[in-house]
Amino acid sequence: MNDKTDKGRFDCRGLACVRGGRRVFDRLNMTLKAGGALVLRGPNGSGKSSLLRLMAGLLHPAEGQIAWDSAPVADDPEAHRARLCYVGHLDAQKPALTLRENLAFWAEIQGGGDVGRALDAFALTALADQPARFLSAGQRRRANLARLALAPRALWLLDEPATALDQETRLRLNALIADLRRTGGMVVVSTHEDLDLREAHTLNMADYAPRPGEAAA
Amino acid sequence: MSAFRAILARDLRLALRQALDSLLVVAFFVIAVVLFPLGVGPEANVLSRMSSGVIWVAALLSVLLSMDRLFQADYEDGSLDLLALSPAALETVVIAKVLAHWLVTGLPLIIAAPVLAVLLNMPADGFGLLVLALLLGTPALNLIGALGAALVLGARRGGVLLALLILPLSVPVLIFGVGAVEAAISGYAARVPMLLLGAILAGSLALCPWGAAAALRQALE
């Protein structure tokens, strides 16, 4: 572990998100400290995925600010991208490549990582030389999650990571998240299914739904 | 640079495992050219007169046909999100993908071109410059196509929209490409059209990746 995971404070202040002309949420505030975990809850379409994409820098907020150690991430997007690992709905696995090739590609793109260890972390070593097209949804999901174990990152953004996972893999993911938090990393998870995160804050997206009458963006 | 190498290697490997996709482009090119003698008739003079134009138009259409998938797969499977979050600039990603695409579709097309030139009874003086002009022209077409492919990403009927966007932008390549071959056939110096083709390639290499990256960022919003 290097020291970049040792400190940090991740803030969202007055965040508003507009998608396709519709205001999804606004006035959203949250703070995460080193070792913290945040669980996003809310009905479909309440903006959980949008919030995670905002936090990753893939979307830009309509209002408000996202900050790391009080410095707006918009000022230095490269540094922000280098400290986070985002796992979205889509598995980013090329069907024609084997799991090892897929993972080695992502390792090389992010500038390094231990592919063998990452495969091992999600019990994929036995499947490593199978082309991704022959794998089940859960196995592809595991292959995508294995990116988390490639190299230490300070912030994990996980969009419904437990979907399609079996009980054993959920436990492995739980253990990895616990490890991350022990070393001062942070995690934001949107989930319907229960991951057992100790002392996690819960953010209910329904609290930030735009009020009627202000709905027009 | 390691990201550039990684994307190039991955796209080449994917193209080799799905070799049919790139073969289809060359097959389209060959068939499109072969249709002309059938349609116009077997008169050697007529075919010879139009050979360079037919080959260039067919090359242009083949490139167009192959471009609309350039970013589509990465967009649909979520890879594009991760590439946008990687330390590499999206401009680098675009150049690496275009280079890989050109190597697997553009190069085979250039190799097939002299054979088709024989079929169309092109005077042998034009063969060398046809290949050279295609070597300068097809990468430029691919770069322009990448800009179009990034702009139509996520749009319905993207393929047709792509054609409308990039065909007008491809006209200079077509004019100077044909001009170079015609000059060589008639015994004039082909220097000027070749220099202009080179200028178009240099210009599109500087502008298109930048525009395509901006369009990709927009598509991910």
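1. Buried area is the accessible area, taken with a 1.4 Å probe, that two parts lose on being put together, summed over both. In this predicted model, the area buried between chain A and chain B is about 2,300 Å², and carbon and sulfur atoms give 61% of that area. The contact (heavy atoms within 4.5 Å) takes 25 residues from chain A and 26 residues from chain B.

2. On conventions, the model is predicted, with local features needing pLDDT of at least 70 and side-chain atom pairs counting only at pLDDT 80 or more, while totals for chains, interfaces and linings use all residues. Residues are numbered from 1 along each chain as its sequence is written, chains are lettered from A and ligands numbered from 1 in the order in which they are written, and side-chain values use heavy atoms, with hydrogens and water left out.

3. Six salt bridges (a side-chain nitrogen of Lys or Arg within 4 Å of a carboxyl oxygen of Asp or Glu) are found across the interface of chain A and chain B. The side chains of A:Lys94 and B:Asp77 meet in a salt bridge, at 2.8 Å from N to O.

4. Helix α3 of chain A (residues 99-109) packs against helix α1 of chain B (residues 2-17) at an angle of about 160°, with their axes 8 Å apart. That makes α3(A) roughly antiparallel to α1(B), a description that applies to angles over 145 degrees. The residues in contact include A:Phe105 and A:Ile109 of α3(A), together with B:Ile7 and B:Arg10 of α1(B). By class, this contact of α3(A) with α1(B) has five nonpolar, one polar and six charged residues.

5. Within chain B, the axes of helix α8 (residues 158-186) and α9(B) come within 8 Å and cross at roughly 150°, and α8(B) and α9(B) are therefore roughly antiparallel to each other. Among the residues making the contact are B:Phe176 and B:Gly177 of α8(B), and B:Leu197 and B:Ile200 of α9(B). By class, the contact of α8(B) with α9(B) has nine nonpolar, two polar and no charged residues.

6. Helix α9 (residues 191-220) of chain B also packs with helix α6 (residues 90-119) of chain B, here at an angle of about 115° and with the axes 8 Å apart. That makes α6(B) roughly perpendicular to α9(B), the term for angles of 65 to 115 degrees. The residues of the contact of α6(B) with α9(B) divide into eight nonpolar, no polar and two charged.

Conventions: Axes are lines fitted to C-alpha atoms, for helices over the stretch in contact, and angles run from 0 to 180 degrees between N-to-C directions. Helices (H or I, at least four residues) and strands (E, at least two) are DSSP runs, numbered from the N terminus. Angles under 35 degrees count as roughly parallel, over 145 as roughly antiparallel, 65 to 115 as roughly perpendicular and the rest as oblique. Ala, Val, Leu, Ile, Met, Phe, Trp, Tyr, Cys and Pro count as nonpolar, Asp, Glu, Lys and Arg as charged, and the others, Gly among them, as polar.
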